[in-house]
Amino acid sequence: FQCSLSPCAQSAHTLLVPTEVESDILRRVRTLLRELDGHHPACQPDRGMLRWTLHKKIDQNPSNSPVLVKILVKELERAERGDYRHYIIPLLHTLMYTLIKAPCISDELCSRVYDFCKKLLTLPKPFCSIGLDYAARLKMERTAPGMLYQRMVISEQSLKSDPYPYQEKIFIFADPELLSEAICKALLTDTEAARVSQSPRACMCYVITHAVQAALGEDCDLSALRMRLQGMPSSEVEHWFQEVVVAVECKGSEAGADRGQHEERLRSIYCTILSSSPPGDAALEGLQGTPLPNPNISFHLWTEDDQLWKELVLFIRPLSQSCEPDRLSQDLDNFEIQDIISDCECCEQTRFSVLSTDSGIERDLPPAPEEPSAPCGADTEQSRLHRKGGIKKKPSPLESMAFLQTGCNGPGAKPASKGQRRVGVPSEPMAPLLRLHTARIVLLGDDRILGRLAQAYHALRKRETRRVFLTPRLNLQFYYVPVTGQPGTLAAANPSATTSPEELCEVATYLGRADPWYESNINALCHMIPKLASMPSSPSKHLVTDLFLTDVIAYYVRMGTQPVCFQVYAMKVFFSNLAQEPAEDVFLTELCAQMQDSVSPREVNPTKKKMILDGPGVDMTVTYRKVVVSDRAKEVSLSLRSTGFSMKAIPDNTAQDLACLNVNITEVVKINNLSGRSFSTMTNKLKTCNIKIRSTEQRPFTLCLDKDSRRTYRNVISVEVSPCLEPSYCLQKSRTTKVSLHKAEDVGLVKYMPKSLLLPINTFAGVIQ
């Protein structure tokens, strides 16, 4: 069949198609912006789907990537001129995600994006921070096209590469007592389907094909290259993968590198792989897309308090895959016991135990170097000492403390003593540690799982203070995906709980107000995940590659780099039973107190009628630190009768300070009238960071932390709340005060250390004022 159109008509027809494509993409982008304004009610049911469908449409036809980039650049420039700042960060994230996945983008388009990012440096945070980050990435991408894609795949898939040895992993944690079994099963199924959809060999082929096409553009016969790579043995594929990585990394890291030299290097690799010269008159298929593999994701049901720490340790130092689960748990327990024993330290300094690798067998010793002749008496004495044969026990990786010491040069680390080194063997200098691992912790649930995270993070920081291991090796990032709608076993066990889903997601609501792009993409999952979990699963679900939930989480962890830091608060409670030791805990969102109805037998006597005359509640003394206009702390004390109080750490709007507690005390007020005495209640509102509440009648009350009924303290008569201090700051402060005359002031290194323990949760923009 031959086309009967004239050449002019054919050219007009070919020009019509890009115009229709451009109009469709522009319409989708404008709809995305109307969603940010919140003035488009028709989009509310599909909230969170618009960005995903836009990127999926480009994935289906990757040749349209330059069209989308061009439209996004124009919209960014229009938003800057019109002062629509709330459009800038969502448009910029969408553009960069498209640019990373695009098969080839011209240097002219990259230059326009680069110039726009440099303009953002004149704006306040977070615009200047995001602009600086993306400008640095684009500068490398312009010199070595394909570098951003290559680095993302290498780190997310943990591919071995000397020029770029970074590794990343996503840990999804869900509390089975907060989420229904259907939601947990759906999440587990999606993450397993994403994990088995690619192999290391396939990911290496993706890196090769994307780098070659990004450099050569339409001159690359991608189909022939893919067929040639498929027929290669795995060792040869890995060889060319390393060649491509070296070519891209070296050229992208060079100062003043030439893009033309990079293209020639990739063209040489391309021709060598095909074992022929570049195709001349052969018909090329144009730009073709290379899939961006799903990141390495593992799903975990949070059933143990120290489970987060265990998973991070295994990420840094993985055990043998043949290790059984029971043996794994035993190894971790032994590791914890040895960690505690070795941490019995003096107050002045941290002590590190040194594991001897000497087997005790004489034949295992390396040949000793020649030493000066010793006196005869010494030779005679030495001849009497010899070693007997023995069995060398090989310790398990977690029973041994050697891997904790190897390369650990964190604060407080000391080299091995001279007495532990063999004479004549020089000590090797310790190489500086690099944070080559990045753990991205994604929490699914409501505010209660964030309370557990605050507990686990505080315990981890205390452990790192005793023994620095994870901190110098690991970048730790936290992400939060709110999920409500279907209660778990905790709600079934406590049906009297009346907390609404909105009250359980105060952190997500705050993050949505602070970051509109978080509201559109992540808060939309709050009710969408239960709906997806309730859908019947299809038999071919494991073959589906476009997993919505996995794609959204991957987009969140890839582009969400701006943290919002929440203050963690420390609490110390005293109980009515004086023999019971005071308890210490931390909370993140809320502390709530209710007066206990039960009265102890010693309080019940005929003569004690003060409780009835004074009305309901308990007499309390409240002492708090009030900040006045001069920014000087002022201690304020007041006495009142109360039926309960609450301390909220999450403000109602972004204009309020995150590092401040909103204390609401329900006060009982007496009213005298003609009919007699009656009582009413009023809310006494305070703003403070440090507060102490004590029951003067010794009548107990009940405390609940972070809206979690599992974290309840009963028979409490006094509670003290203050910002939780960073454990490393406390340790250094205690050491400094012992040798310093200034007890109250921070001197020395303490002045430069973070004082408060903050929990950073990543979003797309942070807090936009």
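**Note on the predicted model**

1. The expected span is 1.5 Å times one less than the number of residues, and helices (H or I, at least four residues) and strands (E, at least two) are DSSP runs numbered from the N terminus. Buried residues of α12 are R259, H262, L266, I269, Y270, C271, I273 and L274, where buried means under 20% relative accessible area, exposed over 50%, and partly exposed in between (1.4 Å probe, protein chains only). After α12 comes S275, with a positive phi near 55 degrees.

2. On provenance, this is a predicted model, in which local features need pLDDT of at least 70 and side-chain atom pairs count only at pLDDT 80 or more, whereas totals for chains, interfaces and linings use all residues. Residues are numbered from 1 along each chain as its sequence is written, and side-chain values use heavy atoms, with hydrogens and water left out.

3. As to the overall make-up, the protein has 25 helices and 16 strands, and 46% of its 769 residues count as buried. Its accessible surface comes to about 39,400 Å², 54% of which belongs to carbon and sulfur atoms; these areas come from the Shrake-Rupley method with a 1.4 Å probe, and for residues only the protein chains shown count as cover. Among contacts with a separation of 6 or more, 78% join residues 24 or more positions apart, a contact being heavy atoms within 4.5 Å.

4. An open sheet is formed by four strands in the order β2-β1-β3-β4, with parallel pairing, where two strands pair if DSSP finds at least two bridges between them. β2 (297–301) and β4 (474–482) are the edge strands, each pairing on one side only. On average, neighbouring strands of this sheet are turned by 20 degrees against each other, direction ignored; axes are lines fitted to C-alpha atoms, for helices over the stretch in contact, and angles run from 0 to 180 degrees between N-to-C directions.

5. Within that sheet, β1 (residues 167–174) pairs with β2 in the parallel sense over five bridges, and I170 stands opposite I297 in β2. Helix α23 (residues 548–559) packs on the sheet and touches β1, β2, β3 (437–445) and β4, its direction making about 135 degrees with that of β4.

6. The largest nonpolar core has 152 residues, and Y480 and F566 are those with the most contacts inside it; such a core is a set of buried Ala, Val, Leu, Ile, Met, Phe, Trp, Tyr and Cys residues joined through side-chain atoms within 4.5 Å. Helix α4 (residues 85–101) gives the most to this core, with 10 residues. Not counting residues up to four places away in sequence, the residues that F566 touches include V507, Y510, I650 and L757. A second, separate core of 31 residues includes V573, Y624, I665 and L703.

7. Some backbone geometry deserves a look, given that most residues other than glycine have a negative phi and most peptide bonds are trans. The K125 to P126 peptide bond is cis, with omega near 5 degrees, and P126 lies in the loop between α5 (107–119) and α6 (127–143). D83, in the loop between α3 (65–81) and α4, has a positive phi near 60 degrees and counts as exposed because its relative accessibility is 53%. D706, in the loop between β14 (701–705) and β15 (712–723), has a positive phi of about 50 degrees, but counts as buried because its relative accessibility is 0%.
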